[in-house]
Amino acid sequence: MANEKFDLKKEIEMVREDCLRPTRTFSRTTQVWIACLLIVIGWGLYCYIHQLRHGLGVTAMRDYVSWGLYISTFVFFIGISHSGTLVSAILRITKQEWRRPITRSAELLTFVSLLFGGIQPIIDLGRPDRIGNLVIFGRIQSPLMWDVISICTYFAGSTVFLFLPMIPDMALCRDSLTVTDTRYKRFKKWLYKFMAIGWKGTKSQWHRLEKTMNIMTIVIIPVAVSVHTVVSYIFAMTLRPGWNSTVFGPYFVVGALYSGSAGVILGMAAFRKLYHLEKYITPKHFDLMGRIVLALTMIYAYLNLNEYWIPAYKMATAEGHLLTDLFSGSYSSAFWTCQFGTVLLPIVIMAFPKGRSIGMLSITCIIIVCGAWVKRYLIVVPTLLHPFMPIQEVPGSWSSYFPNYVEFSVTAAALAGIFLVITLFSKLFPMMAVWEVEEGIEIEHDKQLAIELKEQRIAEDAKAKLLEKANGEIKPKVLISEKI
Amino acid sequence: MSEDKINEPNKNSGRRNFLKFGALATGLTLVGGGLQKVFSGEKGTGEKVRLLSPDGKVYEGDKGNLCEVRPLPVSNEEARKGIPNKKFVMVIDLAKCDGCKKCTEACQAMHYTESDREWLKVFTMKEAEADAPYYFPKPCFHCDNPPCTKVCPVNATFKRQDGIVLIDNERCIGCRSCMAACPYSTRFFNWSHPDQKQTAALGNIKYSPEQSVPRRMGTVEKCDFCPDMIRQGKMPACVSGCPMNVIYFGDQNEDAVTNAAGVTVKLSKLLSDNAGYRHLEELGTEPRVYYLPPKNRKYPVPDMDKVDRVKNTKKPTEMVMDNM
C-alpha cells in the first residue's frame, strides 16, 4: 500500500464528482420510474378519497378486526425508520470509520419512512377531519397521545439529523453549480443556497456543526427507542390476549432495529448499483452491516422465544386459543414461515461469510423486510379475532379479515411515496455525505503518511543496526528507543 | 317552530287525553314509550287532543298533527357529568333468561340500530365440557376501571359520576383505540353512513351523548344504559323489554334494583342470596353489571351446536365492493 501514490487532491475531486453526478442527470429510466410511482400514488389517492366519502366500510375492517393493514403498516414503517438512528447515531458515537458512505441514505430512510408511517394512523382514522381534537381535547393518559408526541419529536429530530450533515454538502452543490438560464437550474441554485444557510466552511462553523451533531447523535437515540416502545404500548396497554405482554416494548424496538437495518442494506445495495458507488460502498460495508443485522436478528429471535414460548408453556384460556390458532390454526403457515423463514433462516445464512456477500445479503434482507411486515400483521390481526367474548352469530365479514383492494392500494401508494421521495432526494442532493467521505479520505491519507513515516523509520533503524553490527559496537537498547 | 303558532294554550284541561310528562324544560309533551309527542305539520283530521307541557300549560291541537319526538336532550356538559348522587347498576339473572332476545330487539328499536348491530348481545355460553350451556345477555358493563376511557386520546368516551360510560360522537376521531381496549367486544364502529331509514325516523333531532343518536359515520358507539330514559324516571329499553323479568336495574346508592315486572328488590340481598358475580372479574375492570348464576334454569337448555360463529345476514351495499 505504501507504494501506491496517494494523491489527496485528486481523490477528493473524484469523490465530489462521483457524489454530485447523479444530481446532474435525469435519465429516461428515472422519468419512467417516477411516472410509475405517480400512477400508483394517484390510484391510492383515489381509493383514499373513496374511503373518505363512504367511510372505512369500504375497507375489509369490521367490528372485530377494527385495526388491519393500515395499523400493521404503521408499525412496520415506524420500525424501518429505526435504521437511520442505529447506523448513523450508534456508528457515529462509536466512531466507526466505515459508516461514512452510508449515513446519508440511512438518515434519509428514517426521515421518509417516518413521514409515511406517521400518516398511516391518520389514514386509519374514522374522522380525519377532527384531527384537531388531539390538540383541543388531547389526553396525555392515552397511549395514542404518547405516539403522537414521540413520533412528532422523532420526526423533528430526524429531520434535523438529516439536515445538519447536509449543510456543507449544500454549500458544495451551490458552489459547484454553474448557473445557466434554465429555470430548473435556477431553482436548484436557489434551493442549494437556501439549504446551505450561509455556509462558508469557516473554522467556527465547522466547530459549531460538530458540536451540534454530537448533541443530536446522543439525543436521537433515546427518542428513537421511546418511539417504538410507545408504538408497542398501543397494544400492550390493553387486556387482550397476545398484546397483554410486558416484553412488548423491547420486542418492538428490536424488531424495528432488525427490519430497519435490513432496510439500510437494501438501500445501500440499490444506490451502489444505480449511482455507481462501488468504490465507496464496498463488500466490506456489507459484511459489517451483515454482522450487525445478524446480531439483531439473534436478539429478535430470543425475544420471539420469550413472547411465544412463555405463554405457550402455560396455555391460559384466552391466550391459549390465540396461540393454537397461530401454531396450528388458520394463521399457522404464515406464522411458521415468519419464524423459520425470516428469523432463523437469515441467522443461518448471515452466520457464514458468504452469506454476507452483497448478493446473498441483499436477498436475505428482502426476506427480512417482507417477513417483518407480515409479522406486524400477525401481531395486530389474530389477536383481534380472539376476543374474550366468543364470536357468535355475526355477519360473515366480521369474523375474518383479509385486506381488500382499498387497503392494498392506499398502502401501496404510501410505499410508492417512500420510493418517490427517495428518488427525488437522490436527484437533488448527493446520496453520500461528501464532506464526511472526504474527511475519511483525509484520515486515510494521514494514516498512509504515518505508515510511510513508520516504514522509513524502520528502514533507517535496520540500516543503523546493520552499520552497528558491522562496526561491532552494541549500543544499549534504551538509546535506540529514545531515538524512536 | 311552527307548532307554537298552531297550538295556542288552552285553559280547559281535559284529563282524558293526557298522560304523565317528563322532566323537560320546554316543549309540548305527551309521553308514550321512550318518546314524547308534539303537534307539528298542517294536515288535520278534525279530532282534537290536548297535551300538557312541563310548565303546566295545556295545549289543544289536531290529532292528525300529533307526532312523536324524543325529549330535548341535556347539554353536553350535563351529559358528561351525569346524574348526581346515583350509581347505576344492572343485575342479570341467568337462571331466568330463555334467550328470546327481546331485550336486544327493544334496544335496537330504542336506538334505531341495524339488525346486525347488537349493543346488547345474547350469547350462548358453556363453561366446561361437562357443563350445560346457558344464555348470557351482555350489555356494556360500564366498568368502574374502564379500559376504554383510559386509552381515548380526546376524552370522547368518558366515565360519569353516576357510573355510566358514554361516548360523545361529536368529538370522537374514530381511532378505535377503545374498541381494541375493551375486553368484552362491546363497542361498535360506524363504518359507513348511517342507514337512510334511521336518519329519516330521527328527523332533525339534536345529538346528545345520552341518547347516542343520531349516529355519525366514523365514530364509535355502544350500549349507553339509556340515560335519557333514566332522566325521565324510566327503565332502560332492555330492562322493560324483557318478558322473563331477567334484567334488574337500579341505583347502588339506594341498594335497590327493579325488573320489568316492577319488582324492586334489595341489591345486596339479591347478590348475596344468589351468589352474584361479575363476568371476567380477574381482568380488574370492575363492571357495574352483575350476573346471577344460571342455577335451576327455568327454560330448556340451549343447544350449543346450533350456535353459529357466522350469521348470514344481508350485506350492506358497501360490502359488495370488498370481494378481494
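1. Let's start with α5(A) and α12(A): the two helices pack at an angle of about 125 degrees, with their axes 10 Å apart. Axes here are lines fitted to C-alpha atoms, for helices over the stretch in contact, and angles run from 0 to 180 degrees between N-to-C directions. The pair is therefore oblique; angles under 35 degrees count as roughly parallel, over 145 as roughly antiparallel, 65 to 115 as roughly perpendicular and the rest as oblique. The crossing of α5(A) and α12(A) is right-handed, meaning that the near helix is turned clockwise from the far one by less than a right angle, with anticlockwise giving left-handed. From α5(A), A:S105, A:A106 and A:L109 make the contact, and from α12(A) come A:G263, A:V264, A:G267, A:M268 and A:F271. By class, this contact has 5 nonpolar, 3 polar and no charged residues. Ala, Val, Leu, Ile, Met, Phe, Trp, Tyr, Cys and Pro count as nonpolar, Asp, Glu, Lys and Arg as charged, and the others, Gly among them, as polar.

2. A word on the basis: this is a predicted model, where local features need pLDDT of at least 70, side-chain atom pairs count only at pLDDT 80 or more, and totals for chains, interfaces and linings use all residues. Residues are numbered from 1 along each chain as its sequence is written, while chains are lettered from A and ligands numbered from 1 in the order in which they are written. Helices (H or I, at least four residues) and strands (E, at least two) are DSSP runs, numbered from the N terminus.

3. Helix α12 (residues 248–274) of chain A also meets helix α3 (residues 69–80) of chain A, their axes coming within 7 Å and crossing at roughly 65 degrees. α3(A) and α12(A) are therefore roughly perpendicular to each other, and the crossing is right-handed. On the α3(A) side are A:I78, A:G79 and A:I80, which meet A:G255, A:A256, A:S259, A:G260 and A:G263 in α12(A); contact means C-beta atoms, placed from the backbone, within 7 Å. The residues in this contact are 3 nonpolar, 5 polar and no charged.

4. Do have a look at α17(A) (residues 405–428). Its 24 residues should span 34 Å at 1.5 Å a residue, and the end C-alpha atoms are 34 Å apart, which agrees; the expected span is 1.5 Å times one less than the number of residues. Its buried residues include A:E407, A:T411, A:L420 and A:I422, where buried means 20 or more other C-beta atoms within 10 Å, exposed 12 or fewer, and partly exposed in between. The buried residues of α17(A) pack against α1, α2, α3, α5 and α6 of chain A.

5. Between the chains, 46 residues of chain A are in contact with 48 residues of chain B. On the chain A side, α7, α8 and β1 each supply at least two residues, and α8(A) gives the most, with 3 residues. That side divides into 24 nonpolar, 15 polar and 7 charged residues.

6. A cis peptide bond joins B:V213 and B:P214, with omega about -5 degrees, and B:P214 is in the loop between α6 and β12 of chain B. B:S185, not a glycine, has a positive phi of about 50 degrees and counts as partly exposed, with 19 C-beta neighbours inside 10 Å. B:C226, also not a glycine, has a positive phi of about 45 degrees but counts as buried, with 27 such neighbours.

Key. Two residues are in contact if their C-beta atoms, placed from the backbone, lie within 7 Å.
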